[in-house]
Amino acid sequence: MKIIDLSVTISPEIKEPLPTSIEYEDHKEGARKMGSKLFGGASADVFLEGNGPAGEVITVTGHAGTHVDAPWHYFPTSEGKPSRTIEQMPLDWFFHDGVVLDFTDKPDGYCFTTEDVQEKLAAINYTLKPFDIVLIRCDADKRLHDDDFVKIHVGASAQATHWLIDQGIKVMGTDGWGWDPPLHLQAADYHANPRPGVIWAAHYVGREKEYCQIEKLANLDQLPPFGFKVACFPAKIKGGSAGWTRAVAIFED
């Protein structure tokens with residue numbers, strides 16, 4: 001069996017609007033703090049060579065790093081019912097055959113259509129089946145630490161998102177910052193012709209049809225178009241709009 005990591009490392013170096021912060025505690029600091037709490041101010045001598053447990057304090061959003069968005073992220077209701085949060089999603093959605101659609105031939109910020117998706121599927125001679133996990137490759141992960149990271153990915157149109165769900169797809173993902181086109185292009189579209197429904201148009205498909213999306217994937221360039229499983233189980237965050245995932249591709253021998 002071969003496993004390929006499809007996840008980015010959660011770190012402050014990722015250039016995004018809500019960055020992560022990490023405070024690291026080394027072994028000496030761990031000994032000092034634990035010694036004080038557990039042994040009434042005893043010295044670090046109670047620990048082997050003065051080394052206690054290392055740790056870290058992380059300030060992070062549920063949408064940091066590689067993560068799965070829950071229907072609750074998109075809208076309060078989905079399909080006329082209260083939207084489910086991330087810990088309520090069925091686990092069997094997150095372990096299925098994977099399909100990679102290569103959009104590296106498109107420019108930064110391109111918004112792909114249903115016809116684009118159909119053309120990409122025809123090019124690899126693949127027909128989607130229910131519960132396939134569809135992964136959109138634009139290699140944005142290669143520029144994860146660039147200042148323009150949030151501006152470079154291709155994005156899904158609402159039309160394409162509807163079409164994928166209608167084929168039985170419950171989970172779809174991208175190696176870009178977001179599933180929709182870059183936010184600055186959405187904002188420009190709105191300012192040119194102000195109207196509701198322009199911002200996060202693909203996200204809002206979840207109001208009508210329940211689905212999950214994975215954002216900030218990595219290493220899709222290491223995958224064939226199909227012939228592998230994807231495991232992308234999200235962390236269980238109570239009431240969460242998203243959950244971090246260590247997404248991987250699995251190839252059976």
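Asp175 sits in the loop that links strand S11 (171-174) to helix H5 (183-192); helices (H or I, at least four residues) and strands (E, at least two) are DSSP runs, numbered from the N terminus. The model is a predicted one, in which local features need pLDDT of at least 70 and side-chain atom pairs count only at pLDDT 80 or more, while totals for chains, interfaces and linings use all residues. Residues are numbered from 1 along each chain as its sequence is written, and side-chain values use heavy atoms, with hydrogens and water left out.

Asp175 is buried (under 20% relative accessible area, 1.4 Å probe, protein chains only). Even so, Asp175 has no salt bridge (a side-chain nitrogen of Lys or Arg within 4 Å of a carboxyl oxygen of Asp or Glu), and Arg137, the nearest side chain of opposite charge, is 5.5 Å away. The Asp175 side chain does reach the backbone nitrogen of Cys138, at 3.1 Å. Beyond its neighbours within four places in sequence, Asp175 is in contact with residues including Asp139, Asp141, Lys216 and Leu220 (heavy atoms within 4.5 Å).

Within H4, the buried residues are Ala160, Thr161, His162, Leu164 and Ile165; their cover includes H3, S9 and S11. Gly168, which follows H4, has a positive phi near 95°.

Key:
Buried means under 20% relative accessible area, exposed over 50%, partly exposed in between (1.4 Å probe, protein chains only). Lys and Arg count as positive and Asp and Glu as negative; His and the chain ends are not counted. A polar contact is a pair of N or O atoms within 3.5 Å; within protein, one must be able to donate a hydrogen and the other to accept it, and residues adjacent in sequence count only if both atoms are side-chain atoms.
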